[in-house]
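User: I have the chains open next to me and would like to go through them with you. Could you take my questions as they come?

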Amino acid sequence: MHLARIRPWRTRGRAARRRIVAGAVAVAALLGAGVASVAVAVDDAPAAVHRTNAFMTMPETPGSKQTVRIDTSFFTPAGGGRHPAILLAHGFGGSKDDMTGQATTLARDGYAVLTWSARGFGRSTGAIGLDAPDREVADVERLVDWLGHRSDVVQDGPDDPRVGVTGASYGGAISLLAAGYDKRIDAIAPQITWWNLPQALFPQNAQGEPADSGVFKKLWAGIFFTTGSTGTPSGSSPALPGTGGAPGGGTGGAGPASGTGSGSGSSGTASGTGSGTASGAGSNGPRAASTGRAAGRTGGSGKTAGGQAAAAPAPGGCRFTAALCAVYRQAAVTGRADPAAIALLERSSPSSVGSRIKVPTLIVQGQNDSLFPLDQADAMARTIASNGAPVSVDWSSGGHDGGDQETARVDGRVQTWFDTYLKHERVNTGPAFRVTRSGGVDTTTGEAVQRGATADRYPGLNGTSQVTVRLSGGPQTVRNPAGGSPPSVSGVPGLGALSQLSSLGQSLSLDFPGQFAAFDSAPLTKPLTVTGAPRVRVRVSSDAADGDAVLFAKVYDVGPDGSQTLPHQLVAPLRVTGAGSGGRTVTVTLPVVDHEFAAGHRMRLVLSATDLGYSSPSAPADYRVAAAGSALTVPTVPTLRTAGATTAAWVWVLPLVALAVAAALLLTGRRRRTADAGGTTAPGPDAAGSGGTDSDGTDPGGADLTGAGPQGRRGHSPRERPAGDSPAADNPASGSPAGRNAPDESVPLEISGLSKRYRGSQDRYAVRELSFRVERGQVLGLLGPNGAGKTTTMRMLMGLITPDAGGITVFGQPISAGAPVLSRVGAFVEGAGFLPHLTGRANLDLYWRATGRPAADAQVEQALEIADLGEALDRAVRTYSQGMRQRLAIAQAMLGLPDLLILDEPTNGLDPPQIREMRSVIGRYAAGGRTVIVSSHLLSEVEQSCTHLVVMDKGRLMAAGPVDEIIGGSDALFVGAPGATAPQLERVAAELAELPGVSGAEPAEDGLVVRLDGLGVPGLLAELLRLDVPVERVGRHQRLEDAFLTLIGGQA
Amino acid sequence: MSEQGDGTPGAGLPGTGATAVRGGTAHAGDAAGAAGYHARRTLPLRVEAVRQLRRRRTLVAFAVVVALPIVVWAAFAIGGRPRDRGDVPTLVDVATSSGLNFALAVVFVSSGFLLTLPVALFFGDTVASEAGWSSLRYLLAAPVPRARLLVSKAVVAFVFSALAVLALPAVALAVGTAAYGWGGLDLPTGGSLPAGSAAARFAVIVVYVFVSQLAVAGLAFWLSTVTDAPLGAVGGAVGAAILSNILDAITALGPVRQVLPTHWQFAWADLLQPGAEWSGMLKGTSVAVSFAIVFLALAFRRFRTKDIVS
């Protein structure tokens, strides 16, 4: 939809300064030989590109005294040397600034690039001559002259620079024309442009009709000409965004932000409006945004320059040359081209010099282009190829109607073309024929998915083979409405992006009943891809006064449900002359498309009397239309190979990276048994040998429950060893308990050197250097106050937490997470853990099934007996009381009658009869040769059910041994003296503690606790009497709390 | 019995290899284990499925996905057919054209967020709720090897999620076909597809909708191993999905958005045009699977050494 191509905007900035400099250059230019330049360093380009701005003064026409000033920029790679030159021409309504991005890119890649604003655009003066040979083309010849004198441009001969020309639309035509008029041009790459302007503006698709019988393309032509006119509010033009950039506009102040396109392939119509630069329908998001930024700046510069150019317009507000303005007015009124008009337009057509274009030509033409359709490119390609020059044809997805302009790809291909023919590099110039096929829309990005289909040879519009498709439908009457209104709608210039919808199966096309004839094919049995221009012979008769019939032919794609779409919204106008009496049969060339008609779809030929975009007779008339021969000749190119959709590389790379990351995650991060568990960083609470009476360190602090009582070991308790010693150093066996004693399967549990600190409490051990051993048949009580480390020890025993140091073996097997030997351990630790939504029975059942062991081994009945839940067993666990859960959990621990049963506070929440029952259960269980470990903080509890005891405090082992030894073997005596006052007791305790044979004495409630170490009871009594203590009784101290006091040093 | 034990060392269990040799006592099953114990027989999928299936939230999740199509149908029945509002038609506008159209409309309205919920629920809840109930420690002490526990739970969560995500379109298709008849698919952009190929595409769409949720699934599963609060894991995953949606709406992020887990969640709409496009769904699958792999690895890495203190 835009005559001016969008160019990326990469090297901008300091526009104002440059403008001032440019003004000075202009003055200098007038003084000099017509050509002058001043170097302006552009220092904001990433790679150094040298840019020179200059106005060049040129005669208005050769020999004329009038001059025009052409605004140019010359980009050269930094670093000197000679480079091939490229002339970059801008599109209609644009200026040289549109080309800055591409120019910079090319210069960076080793080209000397000259951009210029054509006459009447940008800051160049003069009237628009529509690429007239004596005006715009002559200007280009002078630019080539100028390049021919440059020492930084490769010269093929005297005054013969090596130069290529490229540009889109207006710039494309100048490329072709320049190559026709100037032999020094070496390669061209015209894009979306015209070959024959009369045919483009007055198309005639009925073969064999007179040249001046074409149908006026009024909407496009109107847009074309009015945007070159002064006073046209540029923002009002839907089709040519950015036309405000034409100097006369001066309305560029619409604001820099106006240019942000939606970025979803929608029309970018709004993007350039009122600003200075061309923008594109369907340009992708980032692109549209950058264009928008550019638009603001250009809009500003347009205003500045507006005064200069506004001087030029021809009378009547038309900024074209007077002759062109006259042609337009005449055609707009009559809808016909007179021979003079055709002659004038021919002069601006490359076709007029077709036989002289003999340079390698890359032709890029848009499939969404109702202004310069693909048949223009076809004529171009055939003519130039017949001259013997290399030609490649590229049907891009863009065009003046919009769609994805594929700017990056096209720019890349153009550069490759010049690399080959200007730099003579051996690079692949790409296929001789390429079609961009839109697969569909990526709904996430909103972009059409493009695929390239290529062939080694350009097939032309008749394809490499033809398929005949039968059409049905008898002769039909088509009424041309008076005034040509309402018109059928095929494409609307400027809303061309909507033609994208045709690839989505949507169509905006509109035909009015009675005003068109339709001929349908049968549903296609297999897909049919049309590549080229289908043809059909129709018989047309007209009752119009002049005997003419103007019709608009199009081929719809009709889906099985009857919905019809018009491929690329293209229509072929035709005027059948002399169809008055009886009519005539003509061959109609239908629009050139590349379109797949799916299997099951039908092709529908429609001939409509009107079309919105074209001028049709205003006198009402009836046409009689019949499809002569009833067949559509459809060109196909079976050799076109569609490349598979290119999948972004990251689609495959990302999962591989993820796999690598996953592997790295799994291979690292295994927790190592930290060697510093002994606390190099964190000395124990009793650091620095405060009580360090024993430093031989050979005793691991362990305890064998079978033997020695605790007395002799107390002094060796690990905390009294010098802190900082690594337990591993102290005790070679601590890391591998099995190393000290060969794995002994008969030992249900052996713990050695066990240490654990929780994360976040670096200076506090939950368990520290714990060692003890349990023999078969024992009921071990694990005794200690809250926080003593009992539960942590049990969790390590179950493999739930990993010790920092030390080890646990169960039946000779070291314990780690999920160690199989745990299947011989039943545990109830820290409360029940059931699925609350399931019944007690289901919980037990599923738990046992989760162990994967045979159902028969579960001994469920015995376990249920212990649980004693009765009917509650079939209720959901969430309804249970705490005691019920407790019993169910103990029952679960006993499932399968494990060899080692661990019960943590088993009597919590039980009532006294249940407690008693539980004790007997535990006793019976162990009696069978199994081993039970019961933890509690109540000595009275363990006293009654256990055979052995391990006493812990603050993570350390305090004592271990048979219950009787620990309790009965206590060296503590309780001296009951209720009559004594507290100060007296304290004083007495202090004095007693000083005595030889007494290791300690503390005041207690109603008395004293005294620990003897050699002194007998009689001796103690004597001392007490001596100290006037009112002794009532003296006895073994057996209460739990006091035993604790004793064991843990009286500090609890 | 004994030959059973010979061939089954504690496969894959760290630390058991060295102790596999046993003599004397005749314990069948894994070396050193109790009779009949085999690590690889623990927590069979069927058991885990039963454990999860009877949960109320499982049943509620399934009830919601089954009920939604009926609710939508009722809405159409009461409110009348969707009216063309003149702008770009949506799937909902053509929902009553056929059973397939109805099913697609239901998938469309639910795939953005609703279907994320059961997936996040099944994956996020599975380990964390066991931790919350304290049953996790008994499973691990049974002992169910940690990797095996995660595998069982992940597979069951996967199956449940898949069933939930598949149930919704299946029910919608049944309801829609009953209400509007079996027929071709009217495309929102115009045109239509014959019933046969539309049904095939619908199947692909349903699978893709599930696959695109895998990133959330992976995140939820990982969070489930990190926290003991099931709601934290589920909510965290859903929150991440919401955050991803918000970030995805910020176009200024540019190409970064392409690797957001939710960026491609509607890429299945690429199939709702005459010429199906696959690149978007490929990208979405790539992103989702990649996230899932990494999160799964994080879950295993986290869980294998985690101190179970719940």
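User: Is D411(A) buried or exposed?

Analyst: D411(A) counts as buried, because it has 21 C-beta neighbours inside 10 Å; a residue is called buried with 20 or more other C-beta atoms within 10 Å of its own, exposed with 12 or fewer, and partly exposed in between, the C-beta atoms being placed from the backbone. Please keep in mind that this is a predicted model, in which local features need pLDDT of at least 70 and side-chain atom pairs count only at pLDDT 80 or more, while totals for chains, interfaces and linings use all residues. Residues are numbered from 1 along each chain as its sequence is written, and chains are lettered from A and ligands numbered from 1 in the order in which they are written.

User: Where is D411(A) placed?

Analyst: D411(A) sits in helix α12 of chain A, residues 407-421; helices (H or I, at least four residues) and strands (E, at least two) are DSSP runs numbered from the N terminus. Between D411(A) and Q102(A) the C-alpha to C-alpha distance is 7.8 Å, although they are 309 residues apart in sequence.

User: Switching to the sheet, what is the strand order?

Analyst: The order in chain A is β32-β33-β34-β29-β35-β36, six strands in an open sheet with mixed pairing, where two strands pair if DSSP finds at least two bridges between them. β32 (825-828) and β36 (956-962) of chain A are at the edges with a single partner strand each, so one side of each has no neighbour in the sheet. From one strand to the next, the twist averages 15°.

User: In which sense do β29 and β35 of chain A pair?

Analyst: Strands β29 (residues 779-783) and β35 (residues 948-953) of chain A pair in the parallel sense, over four bridges, and L782(A) is opposite V950(A) of β35(A).

User: Which helix packs on the sheet and touches β29 of chain A?

Analyst: Helix α17 of chain A (residues 790-797) does, and it also touches β33 (900-904), β34 (931-936) and β35 of chain A. Its direction makes about 145° with that of β33(A); such angles run from 0 to 180 degrees between N-to-C directions, with axes fitted to C-alpha atoms, for helices over the stretch in contact. Contact here requires C-beta atoms, placed from the backbone, within 7 Å.

User: How many residues of α17(A) are buried?

Analyst: Eight of its eight residues are buried, K790(A) and R795(A) among them. After α17(A) comes G799(A), whose phi is positive, near 75°.

User: And what about β32(A), which way do its residues point?

Analyst: V825(A) and A827(A) point one way, G826(A) and F828(A) point the other way, and all are buried. β32(A) runs parallel to β33(A), joined by four bridges, and G826(A) has L901(A) as its bridge partner there.

User: Now the contact between the chains: how many residues from each?

Analyst: Chain B gives 78 residues and chain A gives 68 residues. On the side of chain B that touches chain A, the largest share, 15 residues, comes from α11(B).

User: Which residues touch the most other members of the largest nonpolar core?

Analyst: In that core of 180 residues, they include I902(A), V950(A), A120(B) and F295(B); a nonpolar core is a set of buried Ala, Val, Leu, Ile, Met, Phe, Trp, Tyr and Cys residues joined through C-beta atoms within 7 Å. α11(B) gives the most to this core, with 14 residues.

Definitions and conventions. Two residues are in contact if their C-beta atoms, placed from the backbone, lie within 7 Å.
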